Amino acid sequence: ELLRRGIRPRDILTREAFENAIAGVAASGGSTNAVLHLLALAREVGVPLTLDDFDRISRRTPLICNLMPGGKYAAADLDQAGGTPLVAKRLIEGGYLKGDL
């Protein structure tokens, strides 16, 4: 559908989208691999993103679901509790995510 409408990855991979992704990773206790992957994706689409952005966003984002491998809970536990939609909802309610993207 997106291709039919002429929407390409560069159209949706915006600075705000990357900031939301960083907040999502921080809120879930996500892997440090996310840093490498998000930096690579941002570079590919021409969005300036640095380690300082990860630091700034991670410091202000609460840990909502402490997922493995470093955390206590498995992804199945998160799914049973409401999944990523619930985490996103809580982050939007708290002003940590831009929900209008």
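Basis. I am working from a predicted model, in which local features need pLDDT of at least 70, side-chain atom pairs count only at pLDDT 80 or more, and totals for chains, interfaces and linings use all residues. Residues are numbered from 1 along each chain as its sequence is written, and side-chain values use heavy atoms, with hydrogens and water left out.

Whole chain. I found 6 helices and 0 strands in the protein chain; helices (H or I, at least four residues) and strands (E, at least two) are DSSP runs, numbered from the N terminus. The C-alpha trace spans about 40 × 30 × 25 Å along its principal axes. Of the 101 residues, 26% are buried (under 20% relative accessible area; exposed is over 50%, partly exposed in between; 1.4 Å probe, protein chains only). I also looked up contacts (heavy atoms within 4.5 Å): among those with a separation of 6 or more, 66% join residues 24 or more positions apart.

Helix α3. I checked the length of α3, residues 33-45: its 13 residues should span 18 Å at 1.5 Å a residue, and the end C-alpha atoms are 19 Å apart, which agrees. The expected span is 1.5 Å times one less than the number of residues.

Which residues of α3 are buried? I noted Ala34, Leu38, Ala42 and Val45. They lie on the same side of α3 because they cover an arc of only 70° around the axis, taken from the directions from the helix axis to the C-beta atoms. Leu36, Arg43 and Glu44 are exposed on the other side of α3.

The buried residues of α3 pack against α1 (9-12), α2 (15-27) and α4 (51-60). After α3 comes Gly46, with a positive phi near 80°.
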